[in-house]
Amino acid sequence: MNKTELLDKYARDGESRLLLARVLDQQQRADQRGIPTHTAFLSPAEQAMSADLLMAAAPGQGVLHGGYADAERKLWGFLPDWLDEDLWLAGEDCPLAALEVRVPKGAKLTHRDYLGSLMGLGITREKIGDILIGETGAQVIVLRETLPILLAQWEKAGRYPVTLTPLPLDQLTPTPGETKEVRATVASVRLDAVVSAGFSIPRSRAADLIRGGRVMVNHRPCEKADKVVEAGDVLTCRGLGKCVLTEIGGTSKRGRTILTIQRYL
């Protein structure tokens, strides 16, 4: 398929078509010119959508990275044959950079506080990766091109002054998100049943959310309430959050399937 045919197949709307076109442009630029290229940061849903596109357009090309192994927001790097991924991450061509952000003791700043102050400087969301909240401040992953702006202009987060220090990627210290284990039994491992159990909502409401396009399976839209869910699948619901079906166990005395679900709080 040519570029137009690929975009017709994988784009969901005008906005996603523009995003996918940019991903393809960077992949083709790296392939044709033999130089490393990259995209901006992508959300998990954008990563999944672009991965489907690249699987059809250029199988095996491109690496997703967000600064550390389990980053949520990542970018695509397209590398020529002569450049190894590890060398790319350690070299000047790597587009990822990080900052240690320290705030005064007692400042209880949230993710929203840091993100809002960054965007207040004119830094768009696509240039900002994960923001890791810590006891003394935060670690912020950004596109390297934004570093000079941040070091020169970022003075406050919320109402508190910030102290910035460039941070090597291998010194990032992410902490696992808070989760709750949910054990439940279902008649069958259908999407509506698992969403109902995972988010503690009635099955009828779960079905309505699915039909309304608010539920994603592995960051891909799914409007089929009867879709069979598998162990390891990530379920996200707009307005409710994320959960992972970690285990499909045996059956209860009543013949129902036992599930273990990890819900992110």
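Biologist: What makes strand β1 (residues 37-38) and β3 count as joined, and in which sense do they run?

Modeller: In this predicted model, 2 bridges join β1 to β3, and the two strands run antiparallel; since two strands pair when there are at least two bridges between them, β1 and β3 are therefore a pair. Within this pairing, T37 stands opposite F78 in β3.

Biologist: How do you know that strand β2 (residues 63-65) is paired with β3, and which residue stands opposite V63?

Modeller: Here 3 bridges join β2 to β3, again with the strands antiparallel, and at least two are needed, so β2 and β3 pair as well. The residue that V63 stands opposite is G77 in β3.

Biologist: Which way do the residues of β3 (residues 75-78) point, and are they buried or exposed?

Modeller: L75 and G77 point one way from the strand, whereas W76 and F78 point the other way, and all are buried, which means that each has under 20% relative accessible area. In a regular strand the side chains alternate between the two faces of the sheet.

Biologist: Why is S200 called exposed, while H219 is called partly exposed?

Modeller: The relative accessible area of S200 is 58%, and exposed means over 50%, so S200 belongs in that class.

Biologist: Where do S200 and H219 lie, and what is the phi of each?

Modeller: S200 is in the loop between α7 (191-199) and α8 (203-211), and its phi is near 55 degrees, a positive value in a residue other than glycine. H219 lies in the loop between β11 (215-217) and β12 (220-221), and the phi of H219 is near 70 degrees, likewise positive in a residue other than glycine. Most residues other than glycine have a negative phi.

Biologist: What makes up the largest nonpolar core, and which element gives the most to it?

Modeller: This core has 25 residues, and those with the most contacts inside it are L191, V195, L235 and I261. Among the elements that each supply at least two residues are β10 (179-186), α8, β13 (234-237), β14 (241-251) and β15 (257-264), while α7 gives the most, with 6 residues. Leaving aside neighbours within four places in sequence, I261 is in contact with residues including V182, V194, A197 and L245. Apart from this core lies another, of 21 residues, among them A97, V103, L118 and I123.

How values were computed. Residues numbered from 1 in each chain as written. Predicted model: local features only at pLDDT ≥ 70, side-chain atom pairs only at ≥ 80, totals over all residues. Heavy atoms only, no water. Helix = DSSP H or I, 4+ residues; strand = E, 2+ residues; numbered from the N terminus. Buried < 20%, exposed > 50% of the residue type's maximum accessible area, 1.4 Å probe, protein only. Core = buried A, V, L, I, M, F, W, Y, C linked by side-chain atoms within 4.5 Å. Contact = heavy atoms within 4.5 Å.
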